[in-house]
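Please look at the sequence and the structure below before reading on. The report that follows is meant to be read with both of them in view.

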Protein chains: 2
Amino acid sequence: MRPTLDFLLHDWLGVASLTERARFADHSPETFASVLDTCERIAREKFAPYNRLSDTEEPHFDGDRVHLPECTHAALAAYVESGMLAAAQDYENGGMQLPCVIEMAANSFFSMASVAMGGYAMLTNGNANLLMAHGSAAQKEVFAKNEFAGRWFGTMCLSEPQAGSSLSDVATRAVPDGPDSESDPLGPRFRLKGNKMWISGGEHEITENIVHLVLAKIPGPDGKTVPGVKGISLFIVPKKLVDTEGRLTGERNDVALAGLNHKLGYRGTTNTLLNFGEGRFPVRAEQGGGLDGKGAGAIGYLVGEPGRGLAYMFHMMNEARIGVGLGATMLGYAGYQASLEYARQRPQGRPMGPGGKDASQPQVPIIQHADVKRMLLAQKAYCEGALALELYCARLVDEQATGDGAQAADAGLLLEVLTPIAKSWPSEWCLEANSLAIQVHGGYGYTRDFPVEQYWRDNRLNMIHEGAHGIQGLDLLGRKVVMEGGQGLALLASKVHATIERARRVPALAEPASALAQALARIGQATQAAWATGDPQDALANATPYLQAFGHTVLAWVWLDVALRAQQRLDEGGDAAFLQGKLAAARYFFRYELPRIGAWLGVVESRDPTCRDMQDDWF
Amino acid sequence: MRPTLDFLLHDWLGVASLTERARFADHSPETFASVLDTCERIAREKFAPYNRLSDTEEPHFDGDRVHLPECTHAALAAYVESGMLAAAQDYENGGMQLPCVIEMAANSFFSMASVAMGGYAMLTNGNANLLMAHGSAAQKEVFAKNEFAGRWFGTMCLSEPQAGSSLSDVATRAVPDGPDSESDPLGPRFRLKGNKMWISGGEHEITENIVHLVLAKIPGPDGKTVPGVKGISLFIVPKKLVDTEGRLTGERNDVALAGLNHKLGYRGTTNTLLNFGEGRFPVRAEQGGGLDGKGAGAIGYLVGEPGRGLAYMFHMMNEARIGVGLGATMLGYAGYQASLEYARQRPQGRPMGPGGKDASQPQVPIIQHADVKRMLLAQKAYCEGALALELYCARLVDEQATGDGAQAADAGLLLEVLTPIAKSWPSEWCLEANSLAIQVHGGYGYTRDFPVEQYWRDNRLNMIHEGAHGIQGLDLLGRKVVMEGGQGLALLASKVHATIERARRVPALAEPASALAQALARIGQATQAAWATGDPQDALANATPYLQAFGHTVLAWVWLDVALRAQQRLDEGGDAAFLQGKLAAARYFFRYELPRIGAWLGVVESRDPTCRDMQDDWF
């Protein structure tokens, strides 16, 4: 994986040029390499060997405490020690001022080695980043910095049992916590009551405290909350209360673990149902405080302004969505590597000659069979392509943060359009890669003696959390491609066209360039056709097939752009086998994958009503 | 599921007409219904409630015995009690002379309720059927009849650790067992030595004995075996030796469990590595018998002629392949039903109106969302379509057995062509259905509190066992469509054309009829193009995409034929909601699924060499 990562970072994305910017001036290709080396080593030594254990020794709750295997504590201690939690932060906040693209490349090793153990760090980083963007000075100092330092880990608490994807139905309530609530140095203080479901990392004892970021609604004077997402505010709810110096006060907040969810995979990350404010841990009851005068109610500190909670949370969600995409990608990659190794050493069968097979010859490694090569090449095309896309998105984050005005704005806009793809595409296709990795192994792949079945189970979550597939489709076709008069889509199209124009001048790439031009034109037509009646019900009835077609087209673009660079390096005398591999994967993608868009776009273009018109009693 | 099953059996396949044949003369629609009622009830009472338990209480081996949960014993006792093991057998053999299509319909309830617990019965039935076709009178009487009676269960032992799909590399050896070996009343007696891998039901204590059917090679006078499949013979190797009256002699045969495979799913069926003849259980050592003079060597009885073992085994394999297809189908169906029920009761979100969503309205059941309907309709189209195909194949088995000469021969030929599809298509698409069932459930689907994640895990095996996907593709494109000068393909095409012609006369079905005609023509062209150079390496490089396209075309045919019947019943005033559902599923299949074949056939037609030409060191 490392040679591909280096090729994408240096040859394709040209990350060295980032060191010309003031923020990254202390860095060099050497410092980047050193970060990657360190992370690769920690992932190899502390994460990968225990990935199976983190699955078989599932977290369990004894009614009082949650138990995790020792390996999880040790792995995360090593991660914290590396300083990676604050990798992209300012020096003054204890960070390394690394570009986001390098941070992501470094984190890819952990996702590949053990996506579930790595989950805690991803959430903590996203949580603290949100506070750096929207929290008060005290909130940054007390909460974010202690998260970056790894003293405390963080969560995001959005979903509720009665409202998964439908955030407008959040029913958790927050009321001011007594007369001095406005003047708390940690932010306006509230008491929260409600249940939060699917909270990853919601309980553990890896760190001394857990910083929950919680969506809740503040009732008006009539006791009613505002329907819809506009009424949602964001609160910091620490598991244990702290003072302005970040010291634990010794008070347990009223946040109780109702239970652990027992999952199909991703078991190393605890997944919880949390009860906020039900009085299980009364807190500050002395002066008749709390919702019941006896200390019930989880104490939380408002972040930013009331009613803007979902907008702030999307800061974290967008990062988390790219993080999910990276996790899905690296699970796919792990399976690809495992099945490649297996295919190289497993002898079985013989090549088909013109006269059939010669059974008197010895068996050959299965990598010599065309269908096994197909399954490996598909995995390579899915996973390396997805990795390229995720790194490209991270590079856009850097551009948004450190580019000049117009470039930064463009990067932001492009990121908006690409985020649903960065999240959904690897979730679907790197899961398919994991299935192919099982298939390459035959019966062995179906046993728990080989790692690939776990990758497949772990990866199935990624189409669900941080916005299910259907939600991503609605976001893309319902919002992203039409926002600002379609400027985001137009900008993406201009980037794709630039790649096509360059590829047209390279004979070996003229054919895929032409195929991509056709695909892009068809995406444009399908977008128009979907919205031709102006009725969202017509347009969005086939939002998921649209998402799939859009994703395959974006990946074809990424592969063509990567192939351009590979061809150039090949012409310059670069590593022939390595570069031919990139060109073959691109060829595979254009010949076997891109043509799939026809079937998906057909129903979008015709606004096919088959699904929308289906009646409940016809099933 | 039952209304669909009844519709397919009676309205679509017209099974009542089978009762006009002598073999089924005692039967009537009422006796068929009674069998289905009984099986539905046993499956509901004895299988379904314990399916999760059969997964969580995985079989374990204490070094001496294999332990299974009590529910597995009870479920199979009820199955045996029902007489279903011999359902299709002659009255004189204790059977019910049921048509195969009714037997399969009845078994579908068990596959749906617990595919893993039902696995033992399917294997036993296939094993005994093989002996009825190829065994001696004594072998039928002693082994087959005791299997039909459920006293003993059976296995099929093909694979070996060093040779999974490559049966020509079978290394298990069989040598005559002493001077009187030819005159054993149970058949020529041999001593076997070798290891067999992936043997389902290879060890358990559900029944007092286990009848293994084992592929092995008989060495020539030079001690060498014939390379390739021609040297393979078939042996009956009972776990415990028996006499000609079917009584246990008290002798343990030299068959030892080396270990259980711990699988991703399908855990209720033990999966074993068996050591034959390694001397762990010396047997009949008295007169210096056995391979080492001390009783080593598993005693086995030759079935039929030496060297014909694989041909005999294919009798069982073809049945088993359709059985795997049915199992995959019913797992898909189980997930479809579970997710349909969930979607009907789970409130979340609101319909999108022209002005967006109105958050002040109550949430609606998710079945009202277009994308959820899409996921349910896809499952319906996959699973009901696959069920129709499996029943159609079973109907062909009946035709082959009881039709007149030409019809019987046609049925046999058609069955040859359809078997790879009947096995592979549900394995791929009903697995996809299970993934969609998880998706409909959202996070809940990913937990072990709901059944769908288990269905998905169980179903993943079906693309691997009884001939992996790649093997089915080679069988179809390399053998089945070219055999007898392409007669099988031509026969299938004539059946498809007959449906198209009928559909063309029904206005509502003219569009899909035309689409199917185009698809069929393209399959024909692609078959020719694949073989245009006559080189199997060219033709078979894309055998799997060919299999996928062929499968989707066959299913489109099945759906058009089913839709014809549904439209007819609708015109006659049949149950409108039920029949509209069939028409909607057919419409979904033609609009969303059939267009996929373009991408698959593109690479077949161009004999795309991308995969074949891929080099090991390019990965």
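The structure is a predicted model, and local features are described only where pLDDT is at least 70.

**How the two chains are related**

In general, two copies of a chain are related by a rotation about an axis and a shift along it. Here chain A can be laid on chain B by a turn of 180° and a shift of 0.0 Å along the axis, with an RMSD of 0.0 Å. This is therefore the relation of a two-fold axis. The contact surface is the same in both copies, since 100% of the contact residues of chain A recur in chain B. Among the residues of chain A, Arg596(A) comes closest to the rotation axis, with its C-alpha at 3.2 Å.

**Where the chains touch**

How many residues of chain A are in contact with chain B? There are 76 residues of chain A in contact with 76 residues of chain B. Several helices of chain A give two or more residues to this side, including helix H7 (309-345), helix H8 (370-402), helix H15 (543-571) and helix H17 (597-605). The largest share, 8 residues, comes from H16(A). By residue type, the side of chain A that touches chain B divides into 33 nonpolar, 25 polar and 18 charged residues.

**Domains of chain A**

Chain A is divided into four domains, whose bounds are set out in this table.

| Domain of chain A | Residues |
|---|---|
| Domain 1 | 2-143 |
| Domain 2 | 153-311 |
| Domain 3 | 314-350 + 363-386 + 401-464 |
| Domain 4 | 468-614 |

The centres of domain 3 and domain 4 of chain A, taken over C-alpha atoms, are separated by 18 Å. Their contact takes 20 residues from domain 3 of chain A and 24 residues from domain 4 of chain A. On the side of domain 3 of chain A, the elements that give two or more residues are H8 and H9 of chain A, and the largest share, 12 residues, comes from H9(A). The residues on that side of domain 3 of chain A divide into 12 nonpolar, 3 polar and 5 charged.

**The nonpolar core**

The largest nonpolar core has 424 residues, and those with the most contacts inside it are Phe235, Leu391 and Leu560 of chain A together with Phe235, Leu391 and Leu560 of chain B. Helix H5 (residues 100-134) of chain A gives the largest share of this core, 21 residues. If residues up to four places away in sequence are not counted, Leu560(B) touches Thr499(B), Ala503(B), Leu509(B), Pro512(B), Ala513(B), Leu516(B) and Ala586(B).

Why can helix H10 (residues 452-459) of chain B be called largely enclosed by the rest of the structure? The reason is that 8 of its 8 residues are buried, among them Tyr455(B), Trp456(B) and Arg457(B). What covers the buried residues of H10(B) includes helix H3 (51-56), helix H5 (100-134), helix H7 (309-345) and helix H9 (405-441) of chain B. Helix H11 (residues 469-480) of chain A is mostly covered, with 11 of its 12 residues buried; the buried residues of H11(A) include His469(A), Asp475(A) and Lys480(A).

**A hairpin in chain B**

Strand S8 (residues 240-242) and strand S9 (residues 248-252) of chain B pair in the antiparallel sense over 2 bridges, and Lys240(B) stands opposite Arg252(B) in S9(B). The hairpin of S8(B) and S9(B) has 5 residues between the strands, and Gly246(B) takes a positive phi near 80° there.

Methods
Residues are numbered from 1 along each chain as its sequence is written. Chains are lettered from A and ligands numbered from 1 in the order in which they are written. This is a predicted model: local features need pLDDT of at least 70, side-chain atom pairs count only at pLDDT 80 or more; totals for chains, interfaces and linings use all residues. A nonpolar core is a set of buried Ala, Val, Leu, Ile, Met, Phe, Trp, Tyr and Cys residues joined through C-beta atoms within 7 Å. A residue is buried if 20 or more other C-beta atoms lie within 10 Å of its own, exposed if 12 or fewer, and partly exposed in between; C-beta atoms are placed from the backbone. Helices (H or I, at least four residues) and strands (E, at least two) are DSSP runs, numbered from the N terminus. Two residues are in contact if their C-beta atoms, placed from the backbone, lie within 7 Å. Copies are superposed by least squares on the C-alpha atoms of residues with pLDDT of at least 70 in both. Ala, Val, Leu, Ile, Met, Phe, Trp, Tyr, Cys and Pro count as nonpolar, Asp, Glu, Lys and Arg as charged, and the others, Gly among them, as polar. Domain bounds come from an automatic or database domain assignment. Two strands pair if DSSP finds at least two bridges between them.
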